[in-house]
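Here is a look through one model, taken a piece at a time. Have the viewer open and follow along.

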Amino acid sequence: METMKQYIEDAEKALLHTYNRYQVVLDKGDGVYLYDIEGKKYLDFCAGIAVFALGYNNKKYNDALKAQIDKLIHTSNYYYNVPAIEAAKKIKKVSGMDRVFFTNSGAEAVEGAIKAARKYAYLKDGTTDHEIIAMEHSFHGRTMGALSVTGNPKYREAFEPMIGNIRFAKMNDFESVLSQVTDKTCAILFETVQGEGGIYPASEEFLKKVRALCDERDILLILDEIQCGMGRTGFMYAWQKYGVKPDIMTTAKALGCGVPVGAFLMTEKVGENSLQSGDHGTTYGGNPLAAAAINIVLDLFEENHIIDNVNQVGAYLTEKLDKLALKYDFITERRGIGLIQGLVFDRPVGEIITKALDKGLILINAGTNIIRFVPPLIISKENVDEMIDILDSCLN
Ligand SMILES: *Cc1c(COP(=O)(O)O)cnc(C)c1O
């Protein structure tokens, strides 16, 4: 068998150099643990970037996918298929939204949300110069449209020009949003809890004020729940915590727990007055295999009381991280809700993360100075203790 080092050398010769990967080749997973090809065990507090909520090698999940593979994997959207119909009904129920469009990724869900908002405005006034307000430090994906609303100039610069008519405001600063609003504003878009950009939760006050502004001016509120959604905050979707409902929302990451799938959803009002027959499409989106993943994920969320676990273990994680932040003066802050948390350092965290990996703990950053905690949603308090012990030993 090839050694890990050989595999990594092969990878670096064949794959495009868009990632600085950690020097590990992962092989299999079980529960909240991953194993590399040399058999080393890792406690996983990354979950494939907030994806594998149910833990690895979940038998019911695996069996449901296998059964669907043996039945029908793909049909195209020219025909109906039962798993997609079931998935649409279930996701409507847990989100309280009215209309669903399935995509293959988070970025595509954001693209669809942008198109729906522009079309809504176009149908109202017939013009095509509408504007979208997005937030600084946001992350919405790497495709051109999603990148255009991503508030990190470093990601955008080389790929200019962007889609245009995007204005940036400051998260949790209502005045800065207000100062960007014009007669052409068609949508205000942000993550209910900013993930990639540093785990900044939107405040209740900010959400409510933006919602009221949107109502007053017939601007669409688009909430990106791709990372913070799917139970991670102790609510199926983070906005449900505040009762501030978006007009359009996006979801992905944990929605398929590893099968690439996303969705954008909207209210009936937007559904009836935006994308119409022929306006949008996808070959794969919502295919029977992807939809089967959504179905079993949503079933297991209920059956395994995932959200109850997030509330219990999330509170415990919060307490433990707060203690750690008090212990070390180079940790300046803890931010986050439930099982989407960040520890803010006064220095880069890369070395700490590499050290943790060495000691069998998988962590990720969010920006250079923040360690992000987005574990599988099935983690236990014992897993939190185990994580804190290793992290503490890396900080000493
Ligand atoms: C990950 C992420 C995306 C992009 O999703 P992809 O599946 O990588 O395209 C968009 N928005 C948020 C908030 C994300 O965390």
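## The second largest pocket

The second largest pocket has a volume of about 760 Å³. Pockets here come from a 1 Å grid over the protein atoms alone: a pocket is an open set of points with protein on both sides within 12 Å along at least five of seven lines, and lining residues have an atom within 4 Å of a point. Grid points are joined across faces, edges and corners, and the volume is the space filled by probe spheres set on them.

This is a predicted model, where local features need pLDDT of at least 70 and side-chain atom pairs count only at pLDDT 80 or more, while totals for chains, interfaces and linings use all residues. Residues are numbered from 1 along each chain as its sequence is written, and side-chain values use heavy atoms, leaving out hydrogens and water.

Who lines the pocket? There are 24 lining residues, and Asn77, Tyr80, Val100, Phe101 and Phe102 lie nearest the centre. Helices (H or I, at least four residues) and strands (E, at least two) are DSSP runs, numbered from the N terminus.

Strand 5 (residues 131–135) is well tucked away, as five of its five residues are buried. Buried means under 20% relative accessible area, exposed over 50%, and partly exposed in between, using a 1.4 Å probe and protein chains only. Glu131, Ile133 and Met135 point one way, Ile132 and Ala134 the other.

Strand 5 runs parallel to strand 7 (residues 185–191), joined by three bridges, and parallel to strand 6 (residues 166–169), joined by four. Two strands count as paired if DSSP finds at least two bridges between them. Isoleucine 132 sits opposite alanine 187 in strand 7 and opposite isoleucine 166 in strand 6.

Strand 13 and strand 14 (residues 340–345) share six antiparallel bridges, and glycine 336 has glutamine 341 of strand 14 as its bridge partner.

Strand 2 (33–36) and strand 3 (41–44) are antiparallel over three bridges, with leucine 34 partnered by tyrosine 42.

## Cysteines without a bond

How many disulfides turn up? A search of the whole structure finds zero, a disulfide being a pair of cysteine sulfur atoms within 2.5 Å. The sulfur of cysteine 46 is 13 Å from its closest cysteine sulfur, in cysteine 257, which is too far for a bond. Cysteine 46 is buried at 8% relative accessible area, and cysteine 257 is buried at 1%.

## Asparagine 273

Asparagine 273 is in the loop between helix 10 (268–272) and helix 11 (288–303), and is partly exposed at 36% relative accessible area. Beyond its neighbours within four places in sequence, asparagine 273 contacts Lys119, Tyr120 and Leu123.

Definitions and conventions. On a 1 Å grid over the protein atoms alone, a cavity is a set of points where a 1.4 Å probe fits but cannot get out, and a pocket is an open set with protein on both sides within 12 Å along at least five of seven lines; lining residues have an atom within 4 Å of a point. Contact means heavy atoms within 4.5 Å.
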